[in-house]
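Please read the numbered points alongside the sequence and the model.

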Amino acid sequence: MPAIASLFDLLNEIKGKKPYDAITTVVNKTGYRSTFQRESDEPMLESLLNVAVGFDTTEELLLASSFLEEDSGQGVKLMTAHAAKGLEFDKVFVVGMEQGLWPHKYSTDQAEEARLFYVACTRARKYLNISYSKSKMSRGATIETSPSHLFVESLRFHRGI
């Protein structure tokens, strides 16, 4: 019963908070970070927090995320490069080619990151778009970014530079 009472106390505490504040409260009060077992867990939480900062209510955040879950067989499919292995599409957009994201700043295997970039690029049958941003939001602050060296080196290789 004490665990259930604690859960209700936590739910009451986050009720009405903006999604970013609610998620931060839950993470801090539950010790969620201590459950991380992979290097990718912390960046995934940071990504969730970065998305959550753009919404005023939890309902808005949930509604936006529900659109990503619907699959009518038409439209856009979002997936990781890992999930795309063995698949092909007429058009492929590889996004987030910023230094620190790809290769990921915590990655210890640069060769694997380069292989994944190759996998992502070779999924396109007709059209490939590779993009990066000049800046991004992180917890409400703007951070300047630069293109990934994997992307730049790939351009040099293919252009013979």
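**Notes on the predicted model**

1. The largest nonpolar core holds 11 residues in all: Ala81, Val92, Val94, Met97, Trp102, Leu116, Phe117, Ala120, Cys121, Leu150 and Phe151. Two or more of these residues come from each of strand E1 (89–94), helix H6 (110–121) and helix H7 (149–159). H6 supplies the largest share, with 4 residues. The structure described here is a predicted model.

2. Leu150, a member of this core, touches Met97, Trp102, Pro103, Glu113, Ala114 and Phe117, when residues up to four places away in sequence are not counted. A second, separate core has 8 residues, among them Tyr20, Val27, Leu49 and Leu61. In soluble globular proteins, nonpolar side chains tend to be buried together.

3. H6 has 12 residues, and the distance from its first C-alpha to its last is 17 Å, close to the 16 Å expected at 1.5 Å a residue.

4. Strands E1 and E2 (residues 124–130) run parallel and are joined by 5 bridges. One of the pairings links Phe89 to Ala124 in E2. Between the two strands the chain passes through H6, and this β-α-β crossover is right-handed.

5. Does the length of helix H3 agree or disagree with its number of residues? H3 (residues 41–52) has 12 residues, so at 1.5 Å a residue it should span 16 Å; its end C-alpha atoms lie 17 Å apart, which agrees. Buried in H3 are Asp41, Pro43, Leu45, Glu46, Leu49 and Ala52. Of these, Leu49 also belongs to the second core.

6. Regarding the chain as a whole, there are 7 helices and 4 strands. Read from the N terminus, the elements follow the order α-α-α-α-α-β-α-β-β-β-α.

7. Some totals complete the picture. The chain has 161 residues, of which 23% count as buried. Among contacts in the chain with a separation of 6 or more, 62% are between residues 24 or more positions apart.

Notes
Residues are numbered from 1 along each chain as its sequence is written. This is a predicted model: local features need pLDDT of at least 70, side-chain atom pairs count only at pLDDT 80 or more; totals for chains, interfaces and linings use all residues. Side-chain values use heavy atoms; hydrogens and water are left out. A nonpolar core is a set of buried Ala, Val, Leu, Ile, Met, Phe, Trp, Tyr and Cys residues joined through side-chain atoms within 4.5 Å. Buried means under 20% relative accessible area, exposed over 50%, partly exposed in between (1.4 Å probe, protein chains only). Contact means heavy atoms within 4.5 Å. The expected span of a helix is 1.5 Å times one less than its number of residues. Two strands pair if DSSP finds at least two bridges between them. A crossover is right-handed if, with the strands pointing away from the viewer, the path from the first strand over the helix to the second runs clockwise.
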